[in-house]
Amino acid sequence: TDPFQETHWGNYLLMTPSDQGDVDLDVDFAADRGNWTGKLDFLLSCIGYCVGLGNVWRFPYRAYTNGGGAFLVPYFLMLAICGIPLFFLELSLGQFSSLGPLAVWKISPLFKGAGAATLLIVGLVAIYYNAIIAYVLFYLFASLTSSLPWEHCGNWWNTDLCLEHRGSKDGNGALPLNLTSTVSPSEEYWSRYVLHIQGSRGIGSPGGIRWNLCLCLLLAWVIVFLCILKGVKSSGKVVYFTATFPYLILLMLLVRGVTLPGAWKGIQFYLTPQFHHLLSSKVWVEAALQIFYSLGVGFGGLLTFASYNTFHQNIYRDTFIVTLGNAITSILAGFAIFSVLGYMSQELGVPVDQVAKAGPGLAFVVYPQAMTMLPLSPFWSFLFFFMLLTLGLDSQFAFLETIVTAVTDEFPYYLRPKKAVFSGLICVAMYLMGLVLTTDGGMYWLVLLDDYSASFGLMVVVVTTCLAVTRVYGIQRFCRDVHMMLGFKPGLYFRACWLFLSPATLLALLVYSIVKYQPSEYGSYRFPAWAELLGILMGLLSCLMIPAGMLVAVLREEGSLWERLQQASRPAMDWGPSLEENRTGMYVATLAGSQSPKPLVVHMRKYGGVTSFENAAVQVDREIAEEEESMM
């Protein structure tokens, strides 16, 4: 080896965290794992991951059906009880260990099944999420015309029921026909042309593949692969665009929306508080679900992103920036959507609740129809779908990055050098699995995946993680780890949430979703019993991974069953910060091949001063010594 290199490394390891600021960032990380290259990469990736399609197409509709402005009360309460604490927990686990969602279970190998369950859930979600991005791409290309194809009836896909609702008022401003018995051109364009759903008799006979959708899905996967090709080094740069640009478009749509006649009618509908709704349990459940899915807790994306941070990155501040930013974005999106719906209801002469929809119906039917009523409609349509594309892509990067990181951390010697090839193989496999979603009956499969892949399974995973960290590993230990990393201990609020409030809320949600279980449906189509069973098995499979993982962990140990359980639930020998200079206190010299003296003592000899982090480490050392004495 080059002697210069050795002395360079020697000097480098002796620097304090504050001195290391000027050194090339790459050195401060677990060898060859990769890391964020810029200061904002992590923050923007988290924002891009959390702010997704749900903020635009789920939140506004959920708010208006659950008491308008009054919905914000349970929404922010659930954000405080469930959202912020679980978000911070996941970031802390990732940053402290620099490991992906499988390897992080060195913290308590007994629960490694929870990591496997996360991967299964993320895999299923990634397959259908990219199909939604493929629909968005389809509409994006369709908007590149002088007049939008869903503006008029009279195309080959239209039926006799098609009626151009705009301009169908008579002189008195009343609608001459009963609108309920007719269909808008945008609805027929979506169901009969894009999905071609009339070619399928149901989920059991999906029909042929739609080649234009199939190519859009291929393009979606190619875009995702190119962006995660170099791991977080490449996706961390792409998010500078995909996480910020939607805000610019959202602002344009908002300004355009509020200046339309009748916009106020829609906004009133969206925000008028109806406090009597707060007495119903459904509203609180909806608020908790919205927070839970919108922040993406439990999908492993946050843990993965945080694992590429430096050891002392201030994730406490980042937690509040991302969670509150996500909530504000949802509320803003509501204004942009409902102002346009208000204008549309005035144009059509029907109440707002007749035009309001949620989910794909809003994005692919109602909003595109509203676009046809505006001057320069192709331009606004293109902007809207471009916003949906950028919103969807950065969530998709996170799903894939989670899978790739989890598996490469598990087999670093084989896979890390071939990470790009491995990412490519995963993209190809998922593209092939997603082909069923591009058939005539693909929408039925998409609804099934959406309803079951991340429903109760995800809640079970998050509750397990919460209990494993706070009860098995120990809340004191975990707080001490956070103290080592950030220089302060999490306060009473976080501890109370981690120990009681968050798991209790999630368990209540879980029980509620089982008790109030409703079979899947798409429009008037009811799913057959075998499809329901398939969906439930999909959710159960992820839950069953947890006991299966426990069985494997127990069988690996020796002794009686109780001894095996105890050994399997203790942290692995090499659990802790991945870099030796961050291993202080109880983590000193537990890394394989560790020969250095206590890094802390070296720091102090060289510099005399003690930074706040070292201060924390000295204190942690003292606390451990006291604990050991009291145990003796």
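Student: What makes up the lining of the largest cavity, by class?

Tutor: The lining has eleven nonpolar, five polar and one charged residues. Ala, Val, Leu, Ile, Met, Phe, Trp, Tyr, Cys and Pro count as nonpolar, Asp, Glu, Lys and Arg as charged, and the others, Gly among them, as polar. The model is predicted: local features need pLDDT of at least 70, side-chain atom pairs count only at pLDDT 80 or more, and totals for chains, interfaces and linings use all residues. Residues are numbered from 1 along each chain as its sequence is written, and side-chain values use heavy atoms, leaving out hydrogens and water.

Student: Why is the contact of Asp409 with Arg33 called a salt bridge?

Tutor: A salt bridge requires a side-chain nitrogen of Lys or Arg within 4 Å of a carboxyl oxygen of Asp or Glu. The closest N and O atoms of Asp409 and Arg33 are 2.7 Å apart, so the pair qualifies.

Student: Why is Asp409 called buried?

Tutor: Buried means under 20% relative accessible area, exposed over 50%, and partly exposed in between (1.4 Å probe, protein chains only). Asp409 has 8% relative accessibility and therefore counts as buried. Arg33, at 6%, is buried too.

Student: What makes Lys237 partly exposed?

Tutor: Its relative accessible area is 42%, so Lys237 falls in the middle class. Asp41, its salt-bridge partner at 3.0 Å (N to O), has 0% and is therefore buried.
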